[in-house]
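Good morning, colleagues. Please take a moment to look at the sequence and the structure on the screen before I go through some of the elements.

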Amino acid sequence: MNLNNTIKKTALLILLVLNLTVNGQTKSDIDSPEYIIQIDKSKRNIAKIEANIILNDSTIKMASWGHPWLKHGWATFVKKLNIKTESGQILSYKTVDKNGWGKWKVLAPNGTKVHLSYEVHFDHKNHDWNPAGGIDSRPEVTDDAHFLVSKALFIYSPGVKNAKIKFNIPSNWEIATNWKKDKSGFYFADSWISLVNNALVLGNFDKKVVTNGQMNLIFAIDKNLSKYTQRFIDLMQKQLNEFSKIYNGTPNRNYLISIRKADEDDGESFQDSFNQVLTDNRIEERILIWGNTMAHEMFHYWSRGYSIAGESEDIAWFIEGFTEYYSTISLKRTGAITEDLYLKKLEQFLSRYIIAKRMWPVDQVSLVDAGKEKAKNWLFIYGGGSTMALALDIEIRTITKNKKSLDDVMLLVKAKYGDNQIKITTANIMEAVNEVSGADFTEFFKKYIYGKKDVLKIKDIVSKAGLNFDQFTEGVYLSRKKGNKKVMLDKMIGSKK
Ligand SMILES: [Zn+2]
């Protein structure tokens, strides 16, 4: 140990302690709102919440998105809201009706410490949640457990940086969350987005924690799916191994995977977690459905947040398309699916792209603009985005004689932008492709990503990977070219060393 460093560290520690102590209270006590969430066995449909927060902008609110355009958003399900000052004085408040999406105005100065008490009634299932991403995007209370989304629970004031959360629930209930627990028994959400944008499971379910590098995967699996628990864990471990090869290891985070039985198959990813709903039906035969959803939502950890510092609409084609590309190719790389299934999935990417490009008389839109209306343009965003990923992977491998690939682009983007908390644009993706390939992809991006007229010459591109491409309207078929022994396809679908 270097003595000089030790002295510096000690001095720093003293400074930190001095800094943290303000009027006898630690700084984190002042900064962090505290929430206590109580659910009683006899009233399982209601969460009673007590919170201590600091008022900013005379506003308290809930996350504004993720609900099916309800006028009051997540606040639709909030009842008995009471607001008091520290000294117990009751504060009046007013619901913001116009564009509030779950917002209240409270008449008190900035910086006032207020105590909130309110109930959240889990009646979300009475609304059609399809316009907001499906049933996997809302809370569901089953006979055994509460499969929650944190957006439904927290009222906060703007500018909140983190929060402490404690649960007051029946003693035989489990808690599954990505938030880490501190010594005081509080869980700690280390950012606003972590507080409002995560899954959370309480009750009786299969809880398993597995470690992958620095990452803890916390599984919360519906008791109705218990017989598949190990199957799900094995698959996700393998997929995560593949992702960690692309991204040079796993981050030091807890990540929650919540899986419940439903009568449909879907998935929704959050900051450090995802929800999956699954039908209990021919599980092994349907691995491309649920396995791809699991891998897709897990890959979003990087492709929606960690590697690109957050979502923006001009890169929706990258976020969704590249995620589809990587969930599918990683399933093949780990041997979870056969080559036939893999090619079938590629055919779907291409088919979606071709259909979206041939829609008539619908006006064409470019891939960068498609994300402005994600619901309307989903076919093009997913199909076009995954087709671009396939094409770029093949082109980069062709130019670099298989020395580089799209994997290197993903890592470069993470290192350059994600690690430095810089949000990326489509131009940054192009720069990364240029840097990795040593070539200039300006024309490619101009034509197929910024432009809306040109259609990618798929046959020529997949031919370089050793594949035949046969097409009649939207029906597309891929097959290995006969007689070619060493083909690029084998490199693409081989597991990274
Ligand atoms: Zn997605």
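Predicted model: local features only at pLDDT ≥ 70, side-chain atom pairs only at ≥ 80, totals over all residues.

Which strands pair with strand 3? Strand 4, residues 43-54, pairs with strand 3 in the antiparallel sense over six bridges. The two form a hairpin, with two residues between them, and D40 has K43 of strand 4 as its bridge partner. Strand 12, residues 163-168, pairs with strand 3 in the parallel sense, over five bridges.

Let me turn to strand 21, residues 273-278. Is this strand enclosed or open? Six of its six residues are buried, so strand 21 is largely enclosed by the rest of the structure. Both of its faces are covered: S273, N275 and V277 are buried on one side, and F274, Q276 and L278 are buried on the other.

Strand 21 also has pairing partners. With strand 19, residues 254-261, strand 21 pairs in the parallel sense over six bridges, and F274 is the bridge partner of I257. With strand 20, residues 266-269, strand 21 pairs in the antiparallel sense over four bridges. Strands 20 and 21 form a hairpin with three residues between them, and V277 stands opposite D266.

Next, a pair of helices. How do the axes of helix 9, residues 378-399, and helix 11, residues 426-437, meet? They come within 9 Å and cross at roughly 25°. An angle under 35 degrees counts as roughly parallel, and therefore helix 9 is roughly parallel to helix 11. On the helix 9 side, the meeting residues are L392, I396 and I399; on the helix 11 side, they are V433, V436 and S437. This contact comprises five nonpolar residues, one polar residue and no charged ones.

F188 counts as partly exposed because it has 17 C-beta neighbours inside 10 Å. Leaving aside neighbours within four places in sequence, F188 is in contact with N162, K164, W179, K180 and D182. F188 and T323 are 135 residues apart in sequence, and their C-alpha atoms are 29 Å apart in space.

Thank you for your attention.

Definitions and conventions
Residues numbered from 1 in each chain as written. Buried ≥ 20, exposed ≤ 12 C-beta atoms within 10 Å, placed from the backbone. Contact = placed C-beta atoms within 7 Å. Pairing = 2+ DSSP bridges. Axes fitted to C-alpha atoms, helices over the stretch in contact; angles between N-to-C directions. Parallel < 35°, antiparallel > 145°, perpendicular 65-115°, else oblique. Nonpolar A, V, L, I, M, F, W, Y, C, P; charged D, E, K, R; others polar.
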